[in-house]
Amino acid sequence: MKARELMSTSLVVVPPETPASAVAALLASRGISAVPVVDAAGAAVGLVTEGDLIRRLADEKPGPLAWFLGLFKDSGKLADRFSKAHGKAARDVMTAELATVGEDATAEDIAKLMESRGIRRVPVVKDGRLVGIVSRADLLRAVLAPKPQPEALADDAAILRA
């Protein structure tokens, strides 16, 4: 199956300036676990997940040696974590490095991408615009879908090969 057959197309999207609190309320009220962030042209620029928002609650509290231990940490990663934990808008808390696929990507390719990147959903793009999302649930439906059968098998040998 291809992404175009698997993807959800009735998407809820938000612009980058949407307040993080409004994104959280949207996820909770719609019972969804993520929302794509799109620019004015409809291009996906990020994805805000429940995990991105939960990170705000789980942000580490500085201990007595935090200033000293912080000297040995990657300052870029620390700045990114602080921004996500304290960001006010979707652009601040979203995951910006998106793994996307085209409409012709196979279910197998999408599954491999999800597995290698440790992600739960993949935006589907066409001509730079977001057209859908394939989630793990969508892939599960592909696995459970009946396989197409040949219309007529001529003999026992053909049946065995099939």
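**Exercise 1. State which residues Thr49 touches, where Thr49 lies, and whether Thr49 is buried or exposed.**

Solution. Leaving out residues up to four places away in sequence, Thr49 touches Leu27, Ser33, Ala34 and Arg121, where contact means heavy atoms within 4.5 Å. The model is a predicted one, in which local features need pLDDT of at least 70 and side-chain atom pairs count only at pLDDT 80 or more, while totals for chains, interfaces and linings use all residues. Residues are numbered from 1 along each chain as its sequence is written, and side-chain values use heavy atoms, with hydrogens and water left out.

Helices (H or I, at least four residues) and strands (E, at least two) are DSSP runs, numbered from the N terminus. Last, the relative accessibility of Thr49 is 15%, so Thr49 counts as buried; the classes are buried under 20% relative accessible area, exposed over 50% and partly exposed in between, with a 1.4 Å probe and protein chains only.

**Exercise 2. Describe the surroundings of Ala34.**

Solution. Ala34 belongs to strand β1, residues 34–38. At 13% relative accessibility, Ala34 is buried. Beyond four places in sequence, its contacts are Leu27, Leu47, Val48, Thr49 and Arg121. Val12 is 22 residues away from Ala34 in sequence, and the two C-alpha atoms are 9.1 Å apart.

**Exercise 3. Locate Val101 and list its contacts.**

Solution. Val101 sits in the loop between α6 (90–93) and α7. Apart from neighbours within four places in sequence, Val101 is in contact with Ala3, Ile110, Leu113, Val122, Pro123, Val124 and Val125. A further distance concerns Ile133, 32 residues from Val101 along the chain, with 9.3 Å between the C-alpha atoms.

**Exercise 4. Describe how α7 and α8 pack.**

Solution. Two packed helices are described by the angle between their axes and the distance between the axes. Helix α7 (residues 107–117) and α8 make an angle of about 140 degrees, and their axes are 11 Å apart. Axes are lines fitted to C-alpha atoms, for helices over the stretch in contact, and angles run from 0 to 180 degrees between N-to-C directions. The helices are therefore oblique to each other, given that angles under 35 degrees count as roughly parallel, over 145 as roughly antiparallel, 65 to 115 as roughly perpendicular and the rest as oblique.

For the residues, Ala107, Ile110, Ala111 and Met114 of α7 meet Arg136, Leu139 and Ala142 of α8. This contact has 6 nonpolar residues, no polar and 1 charged; Ala, Val, Leu, Ile, Met, Phe, Trp, Tyr, Cys and Pro count as nonpolar, Asp, Glu, Lys and Arg as charged, and the others, Gly among them, as polar.

Arg136 is in helix α8, residues 136–144. Outside four places in sequence, Arg136 is in contact with Met114 and Arg120. Val122 lies 14 residues from Arg136 in sequence and 8.9 Å away, C-alpha to C-alpha.

**Exercise 5. Give the phi of Asp127 and say whether Asp127 is buried or exposed.**

Solution. Most residues other than glycine have a negative phi. Asp127, not a glycine, has a positive phi of about 55 degrees. Asp127 lies in the loop between β3 (121–126) and β4 (129–135). Its relative accessibility is 76%, so Asp127 counts as exposed.
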